[in-house]
Amino acid sequence: MPEDEIAMNGWLLKRHAHDRRSSLFSKQWAKRFVIINQHRGTLSVSKGERSKPTTILPLRDILLPEIKDLDWGDGSFQIACPPLHLILRATDNAEREVWMRVLREQTAEWQSNARLADTASKSGVPIAVASQYASMELALNT
């Protein structure tokens, strides 16, 4: 996968959905490789850097990531893409903030693109024209 497609990647802990024990040190957490692909607009989770993803979420469908202050420990956050909810844990709160910032940026961009495409298709305006107009409007407002 070309490096310019990747907004961020790295190892995080993923909480197993089927294990309901509350201990931080139980086997409910597994190390997973997470990739935010800005070209495809996906967040993928796999067991290894070169493994086939076990979970792929479209960025445009992800709700804003949120911090969970339950018994999941420092660095924990939740990603909701209904009906799926992922609970991930970074090594510390600083790393979590980096992941959440990049995820928010990429999610906002893909949701904006999806809204633009939806509006363009409803109005009959070609997406290329609508996109160019939106870029000019953004430049004028900044």
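**Close-up views of a predicted model**

**View 1. Thr42 sits in strand β3**. This is a predicted model, so keep that in mind for every view below. Thr42 has a relative accessible area of 16%, and since anything under 20% is called buried, Thr42 goes into the buried group. What does Thr42 touch, once neighbours within four places in sequence are left aside? Its contacts are Ile35, Ile36 and Asn37, plus Ile56, Leu57 and Leu59.

View 2. The protein has 142 residues, and 37% of them are buried. Take the contacts with a separation of 6 or more, and 43% of them are between residues 24 or more positions apart. The accessible surface comes to about 9000 Å², with carbon and sulfur atoms accounting for 54% of it.

**View 3. The largest nonpolar core is made of 19 residues**. Which of them touch the most other members? That would be Ile36, Leu43, Ile62 and Ile79. Helix α1 gives the most, with four residues.

**View 4. Zooming in on Ile62 shows its contacts one by one**. With residues up to four places away in sequence not counted, Ile62 touches Leu43, Leu57, Ile79, Ala80 and Cys81, and also Leu103, Thr107 and Gln111. Two of these, Leu43 and Ile79, join Ile62 in the group of core residues that touch the most other members.

**View 5. Trp11 and Phe33 make up the one aromatic pair in the structure**. Their ring centres are 5.2 Å apart and the planes meet at 65°, so this pair is edge-to-face rather than stacked; the cut-off for edge-to-face is over 60 degrees. Trp11 belongs to strand β1 and Phe33 to strand β2, so the pair ties together parts that lie 22 residues apart in sequence. Are the two partners buried or partly exposed? Phe33, at 6% relative accessibility, is buried, while Trp11, at 31%, is partly exposed.

**View 6. Two tryptophan rings each have a charged residue over the face**. Lys31 lies over the face of Trp11, at 4.9 Å from the ring centre. The other case is Arg89, which lies over the face of Trp29 at 4.2 Å from the ring centre. So Trp11 turns up in two of these views, here under Lys31 and above as the partner of Phe33.

**View 7. Arg32 is a buried arginine in strand β2**. Its relative accessibility is 14%, so with the cut-off for buried at under 20%, Arg32 makes the list. What does Arg32 touch, not counting residues up to four places away in sequence? Its contacts include Gly10, Trp11, Leu12, Lys14 and His16. Val45, Ser46 and Lys47 are also among them. Look for Glu49 in this view too: the C-alpha atoms of Arg32 and Glu49 are separated by 8.6 Å, and the two residues are 17 apart along the chain.

**View 8. The protein has two salt bridges**. Arg96 pairs with Glu97, and their closest N and O atoms are 3.5 Å apart. Arg96 is buried, at 8% relative accessibility, whereas Glu97 is partly exposed, at 37%. The second bridge links Arg101 to Glu105, with closest N and O atoms 3.3 Å apart. Both of these residues lie in helix α1 (residues 93–123), four residues apart, or about one turn of the helix. Arg101, at 43% relative accessibility, counts as partly exposed, and so does Glu105, at 42%.

**View 9. Pro82 and Pro83 are joined by a cis peptide bond**. The omega angle is about 10°. Why give this bond a view of its own? Most peptide bonds are trans. Where is Pro83? Look in the loop between β6 and β7.

How values were computed: Residues are numbered from 1 along each chain as its sequence is written. This is a predicted model: local features need pLDDT of at least 70, side-chain atom pairs count only at pLDDT 80 or more; totals for chains, interfaces and linings use all residues. Side-chain values use heavy atoms; hydrogens and water are left out. A salt bridge is a side-chain nitrogen of Lys or Arg within 4 Å of a carboxyl oxygen of Asp or Glu. Buried means under 20% relative accessible area, exposed over 50%, partly exposed in between (1.4 Å probe, protein chains only). Helices (H or I, at least four residues) and strands (E, at least two) are DSSP runs, numbered from the N terminus. A nonpolar core is a set of buried Ala, Val, Leu, Ile, Met, Phe, Trp, Tyr and Cys residues joined through side-chain atoms within 4.5 Å. Contact means heavy atoms within 4.5 Å. Rings of Phe, Tyr and Trp (its six-membered ring) pair if their centres lie within 6.5 Å; planes under 30 degrees apart count as stacked, over 60 as edge-to-face and the rest as tilted. A charge sits over a ring if NZ of Lys or CZ of Arg is within 6 Å of the ring centre and within 35 degrees of the ring normal. Accessible areas come from the Shrake-Rupley method with a 1.4 Å probe; for residues, only the protein chains shown count as cover.
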